[in-house]
Amino acid sequence: MKWKRNIYDADDAARSKRLKFTPEERAENAKKKAEVLGGKLEQAKQDLPKQRRPALKRTVDPETGKVKHSVYLAEEVKPRGKRSTAGRMVTASGRMANRQLHRKLRQVEQENVGTEAAHKTELVTERTVSSAVRHGHRYVKDTPYRKVEKLERKSTKATVEARYREAIRDTPELQEHTFKAQLQKRRLKRKYAKELRKAQQAAGGATVWERTKNAVTGAAQTAGDFIVQHQKGALCMAGILALMVCLLMSGLSSCSAMLEGVTGAITSTSYTAEDPDIRQAESDYTALEKQLERELGSIEQTHSGYDEYRYDVDTIGHDPNELIAYLTVKFGDFKPDEVQAALKDLFEQQYTVTLTPVSETRYKTVSHTNKDGTTSSSRVAYTYKILYVTVRNRSLGTVVRELLTEDEYKRYLVIFQQKGNRPDIFGDNIYANPSEGPKYEIPGEALSDPSFKALITEAEKYLGYPYVWGGSSPSTSFDCSGFVCWVYTASGVHNLPRTTATGIYNQCTVISKSEAKPGDLVFFTKTYDCDGPVSHIGIYVGNGMMIHAGSPIKYASIETSYWQEHFYAFGRL
């Protein structure tokens with residue numbers, strides 16, 4: 001055990017006897033603590049697991065001026081919770097082998113009660129051990145990240161304290177032992193904390209201490225001046241604060257009950273599974289949709305022998321928040337392997353594929369050469385084969401409504417509307433994160449075109465309608481391609497049968513941005529995870545604006561960084 005030194009030793013005798021530090025000493029100690037924690041935080045960040053990824057380096061030869069490119073391995077922090085491809089393959093292989101083994105056991109367990117009981121006991125034990133091992137492994141892997149988070153909290157608190165102590169040291173009014181001084185010090189500390197949060201959001205690689213020092217220096221001077229110049233106002237605020245404290249104390253008993261209610265409400269409207277499991281379930285469902293798209297793309301190879309193929313295909317896709325809200329209601333804290341059967345059941349009920357072969361008798365003119373050398377023609381009948389390919393998307397929301405009880409559906413709606421209190425978990429998916437969009441008025445010169453006027457008049461009827469996967473009429477609302485097909489057809493501008501965004505693109509003539517005019521179409525790619533080149537479509541209305549079925553149907557600027565990143569082409573029917 002390490003003993004503390006005698007507080008009455010030599011040089012420290014005078015200071016130790018008063019058992020009190022001066023404002024200068026407190027400020028110096030707080031600064032040292034903040035610096036030490038800042039150093040520990042930087043070291044913890046250096047100790048985070050790293051990974052190397054191939055990157056392209058561009059160099060210019062100073063003599064020839066030629067650009068050279070070389071590949072090198074760039075080191076970066078490994079994302080939290082990310083697993084290697086090899087690790088995922090090994091895990092998947094193990095689970096597949098385990099399922100095969102249990103399937104064999106189920107085939108014989110009905111013939112022997114003892115075997116059935118032993119198998120069920122084995123399953124429970126295996127799941128318990130597997131869960132414990134999985135959580136233990138995840139806990140060990142997350143230790144460096146948790147350490148960084150803990151040090152960030154401590155460093156933030158220590159930095160605020162250091163700035164606060166410096167302000168007290170430099171402002172004599174704050175060193176008085178009065179209620180007014182205590183009130184001002186609390187206000188000052190909250191102000192420093194706010195300024196620190198702003199400083200941490202600023203760009204740059206400086207340490208927390210360096211970024212904060214400049215941000216709060218002006219705040220300290222302002223706070224000191226305010227105390228000196230507004231003493232009466234400070235006393236008035238002190239009285240108001242005292243009254244508020246009394247009211248707060250009188251209602252303390254009811255606050256605890258209210259807090260319990262709020263906590264329960266938050267829990268009941270939140271996704272209970274962990275983020276990696278939520279994203280994996282969403283990825284598994286998307287994989288089923290991709291497989292359907294691949295099957296549709298190979299129809300002409302798997303069903304050959306037809307003269308013509310006609311497609312009537314709804315948009316393939318879903319709102320991920322609808323999926324996860326449903327899984328949360330049905331399974332709670334689920335794991336991806338536990339919901340595979342439910343995902344397949346949802347998929348089979350959401351999508352219906354119908355192949356209808358039709359044979360028509362058609363006639364063609366055939367020329368004949370007669371014996372006397374003259375030519376004659378005749379009509380000959382032949383069989384013309386057509387395969388009609390129809391895909392219907394009932395929308396995931398419709399399927400979920402049929403699978404849930406009344407009470408379950410009420411909870412599902414709340415979770416879905418709150419997005420499980422994790423609105424950013426699907427941040428890259430524009431259909432999972434709706435926005436109202438900007439207000440926009442069509443210029444008068446654009447409305448001089450009768451076709452565009454009819455088009456936009458029809459389109460604006462549905463502003464504010466929600467985005468619905470597979471929707472193609474006002475009764476169901478719309479998805480992006482359903483909205484465009486309906487507006488063009490219903491306005492009489494162009495007969496555009498229901499098809500996908502890629503299907504519409506294939507009917508267009510690609511034009512440049514300078515050629516685009518109101519009424520043309522604008523196409524985007526990779527706005528969500530899909531195989532086709534075009535994933536989203538809008539109607540261009542001029543001035544860099546479009547009207548489209550976002551979430552909800554709204555106007556949007558195509559000049560934003562998001563739409564510019566996903567821009568594909570302009571097209572004209």
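Modeller: Helix α16, residues 480–490, is largely enclosed by the rest of the structure, because eight of its eleven residues are buried. Helices (H or I, at least four residues) and strands (E, at least two) are DSSP runs numbered from the N terminus, and buried means under 20% relative accessible area, exposed over 50% and partly exposed in between, with a 1.4 Å probe and protein chains only. The buried residues of α16 are Cys480, Ser481, Gly482, Phe483, Val484, Cys485, Val487 and Tyr488. Just after this helix, Gly492 adopts a positive phi of about 80 degrees.

As to the basis of these values, this is a predicted model, in which local features need pLDDT of at least 70 and side-chain atom pairs count only at pLDDT 80 or more, whereas totals for chains, interfaces and linings use all residues. Residues are numbered from 1 along each chain as its sequence is written, and side-chain values use heavy atoms, with hydrogens and water left out.

For the chain as a whole, there are 18 helices and 13 strands, and 34% of the 573 residues count as buried. The accessible surface comes to about 34800 Å², with 54% of it belonging to carbon and sulfur atoms; such areas come from the Shrake-Rupley method with a 1.4 Å probe, and for residues only the protein chains shown count as cover. Among the contacts (heavy atoms within 4.5 Å) with a separation of 6 or more, 66% are made by residues 24 or more positions apart.

How do helices α11 and α13 pack? Helix α11 (residues 320–331) and helix α13 (residues 396–403) have axes 10 Å apart and an angle of about 15 degrees between them, the axes being lines fitted to C-alpha atoms, for helices over the stretch in contact, with angles running from 0 to 180 degrees between N-to-C directions. The two helices are therefore roughly parallel to each other, given that angles under 35 degrees count as roughly parallel, over 145 as roughly antiparallel, 65 to 115 as roughly perpendicular and the rest as oblique. From α11 the contact draws on Glu322, Leu323, Tyr326 and Lys330, and from α13 on Leu396, Gly397, Val400 and Leu403. Sorted by class, this contact of α11 with α13 has five nonpolar, one polar and two charged residues, where Ala, Val, Leu, Ile, Met, Phe, Trp, Tyr, Cys and Pro count as nonpolar, Asp, Glu, Lys and Arg as charged, and the others, Gly among them, as polar.

Helix α11 also packs with helix α9 (residues 275–297), their axes coming within 10 Å and crossing at roughly 115 degrees. This crossing of α9 and α11 is right-handed. Here Ile278, Ala281, Glu282 and Tyr285 of α9 meet Pro320, Leu323, Ile324 and Leu327 of α11, a set with seven nonpolar residues, no polar residue and one charged residue.

Within α11 itself lies Thr328, which is buried with a relative accessible area of 1%. Not counting residues up to four places away in sequence, Thr328 touches Ser270, Tyr271, Thr272, Phe334, Arg411 and Ile415.

Strand β13 (residues 567–572) holds Phe570, which counts as buried at 3% relative accessibility. Leaving aside neighbours within four places in sequence, Phe570 is in contact with Thr509, Val510, Ile511, Ser512, Lys513, Ala516, Leu521, Val522, Phe523, Tyr540 and Ile558. Its C-alpha atom is separated by 9.8 Å from that of Ser514, which is 56 residues apart along the chain.

Definitions and conventions
A crossing is left-handed if the near helix is turned anticlockwise from the far one by less than a right angle, and right-handed if clockwise.
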